[in-house]
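Biologist: I have a chain to read and I am new to this. Where do I begin?

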Amino acid sequence: MTQQRTSRDADRRSFGPAALARTLAWLRLCAVLGQTATVVFVGRYLQLPLAEAALFGGIGVLAAFGLAVLWRLRQPWPITTTEVMAHIGVDTVVLSWLLYLTGGASNPFVGLLLMPITLAATALKLRDVAVIAALSCAAYLVLMQWNVPLAGTQLEGTDARTFGLHVLGMAASFAISAVLLGGFISRLAEALREKQVETQRIRERALRDEGILAIATQAAGAAHELNTPLSTMRTLVAELRREHPDGVLGEDLALLSSQLERCRETLRELVAVGKAQLEQAGERVSVADFVNGCGDRLQLLRPEILYKVTLPDDASEWIVEVPAGLRHAVINLLNNAAEASLANDSAEVDVAVAREGAQLVLRVRDHGRGIAHADRLGTRFESSKSTGLGIGFALADATAERLGGDLVISAADGGGTETRLSVPLQSVRLTIH
């Protein structure tokens, strides 16, 4: 997830002035090679008289300009629309010079004056494209009026050789135009499809965030209202436990008391998370204590689960600042894994923590039947469980995204599902003591 590479790749896919300048630089070098080969072929193989010195002079100017542009593209200065239009202007002038020396508008390669307009239309605004179109049209009109005719190539009567050369040139011009137009229009269509997919993804995440905000608002109100009935229930359960300290009823009352205490802790955590978010401060703990603490909470929720943790040897020395919501996100993932394992007659949940580059990665593996439509869990409130609400994974995914990380679900080797939660080390302010 190197930000420099991501930025560079996005810039290459985009159709802005910088991307157009790079495309023109590549095409300019190809044009130099193609023009040189054409002059040599026509002058030496077809033995037509050409002003080779003037032609190679123009090609040399284009080559030097191309090398200068390549150097320019390596500089950190931003590439502006005006600069790109200047590049196109130089290309058009040099091409017009070459056409002027080889028959002007009667040269079948005159159609290449359309290429700058086509390329500019993919990246520049309409007014800029209009300027380039006006330049190309002016060059065409000038070439119609002023040019150096090629001796022996004027269409006289039904000269088969003359007509054959003209058709050959038109075929070459058509092939060049077809390749360029096909390539760039395909790139434009691909970029458009990528933008559509990205727009859809952003829309789904925006809807998810709106849903989470609505749930958070409702949860805050519910937390305020539940505090009183929970206190009442705790009082009644305590009295019942004093009256029935032993037997099956006593055990059930003890379990009920622990669950009520768990509910109160959850409400307190809800308030604590809000305060931590406002104060922009997190709890400083070791990675080992954080992961084991999440496991202890899982054991309270699912005492039948066999919780297996794999930690680096020095995990107790990795001190992190736990951001608001991260602990709850991990517990959600552990609880989901526990339910998946139990549904498949297994009681195992495996957890592994590691550093991978600049990321702190936590992997949670269940031993369930696997999960379908994993790509939809992060943006929609959907659940593979008949009794699930479908918000646990969405909340965890939103937390990972807020911290600059990501959450990925994949099939685990040997069956089951592995959930990979990664967050940047900078987000958790990892230090090693």
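**Reading the chain, feature by feature**

Modeller: Start with a single residue. Beyond its neighbours within four places in sequence, Val40 is in contact with Tyr45 and Phe56. Val40 sits in helix α2, residues 17-45. Keep in mind that this is a predicted model.

Biologist: Is Val40 buried, partly exposed or exposed?

Modeller: Burial is read from relative accessibility. Under 20% is buried, over 50% is exposed, and in between is partly exposed. Val40 has 37% relative accessibility, so Val40 counts as partly exposed.

Biologist: How far apart are Val40 and Leu50 in sequence, and how far in space?

Modeller: They are 10 residues apart in sequence. From C-alpha to C-alpha, they are 9.8 Å apart in space.

Biologist: Now the whole chain. How many helices and strands are there?

Modeller: There are 12 helices and 8 strands in the protein chain. The chain has 433 residues, and 37% of them are buried. Its accessible surface is about 25000 Å², with 61% belonging to carbon and sulfur atoms.

Biologist: And contacts along the sequence? What share join residues at least 24 apart?

Modeller: Take the contacts between residues at least 6 apart in sequence. Of these, 71% join residues at least 24 apart.

Biologist: Which residues does the database record list as transmembrane region?

Modeller: An unreviewed UniProt entry lists residues 25-46, 53-73, 93-114, 126-143 and 163-185 under that name. Such annotations may be inferred rather than shown by experiment. Now set the record beside the model. Residues 25-46 are 95% helix and 0% strand, with end C-alpha atoms 30 Å apart. Residues 93-114 are 36% helix and 0% strand, and there the end C-alpha atoms lie 13 Å apart.

Biologist: How do I read a nonpolar core?

Modeller: Start from a general idea. In soluble globular proteins, nonpolar side chains tend to be buried together. Here, the largest nonpolar core has 36 residues, and Leu334 and Leu360 have the most contacts inside it. Helix α10, residues 326-343, gives the most to this core, with 8 residues. Another core lies apart from it and has 17 residues, among them Ala18, Leu20, Met85 and Ile117.

Biologist: Which residues is Leu360 in contact with?

Modeller: Leave aside neighbours within four places in sequence. The contacts of Leu360 then include Val287, Trp318, Val320, Leu421 and Val428.

Biologist: Next, sheets. In what order do the strands of the 5-strand sheet come?

Modeller: The order is β2-β4-β5-β7-β6, in an open sheet with mixed pairing. At the edges stand β2 (306-310) and β6 (406-411). Each has a single partner strand, so one side of each is left without a neighbour in the sheet. From one strand to the next, the twist averages 15°.

Biologist: Parallel or antiparallel: how do β2 and β4 run?

Modeller: They run parallel, joined by 5 bridges. In one of these pairs, Thr310 has Ala352 in β4 as its bridge partner. β6 and β7 form a hairpin with 5 residues between them. In the turn, Gly414 has a positive phi of about 90°.

Biologist: Which helices pack on this sheet?

Modeller: One is α9, residues 287-301, which touches β2, β4 and β5. The direction of α9 makes about 170° with that of β2. Another is α11, which touches β6 and β7. The direction of α11 makes about 130° with that of β6.

Technical notes
Residues numbered from 1 in each chain as written. Predicted model: local features only at pLDDT ≥ 70, side-chain atom pairs only at ≥ 80, totals over all residues. Heavy atoms only, no water. Helix = DSSP H or I, 4+ residues; strand = E, 2+ residues; numbered from the N terminus. Buried < 20%, exposed > 50% of the residue type's maximum accessible area, 1.4 Å probe, protein only. Contact = heavy atoms within 4.5 Å. Areas by Shrake-Rupley, 256 points an atom, 1.4 Å probe, with all protein chains shown as cover. Core = buried A, V, L, I, M, F, W, Y, C linked by side-chain atoms within 4.5 Å. Pairing = 2+ DSSP bridges. Axes fitted to C-alpha atoms, helices over the stretch in contact; angles between N-to-C directions.
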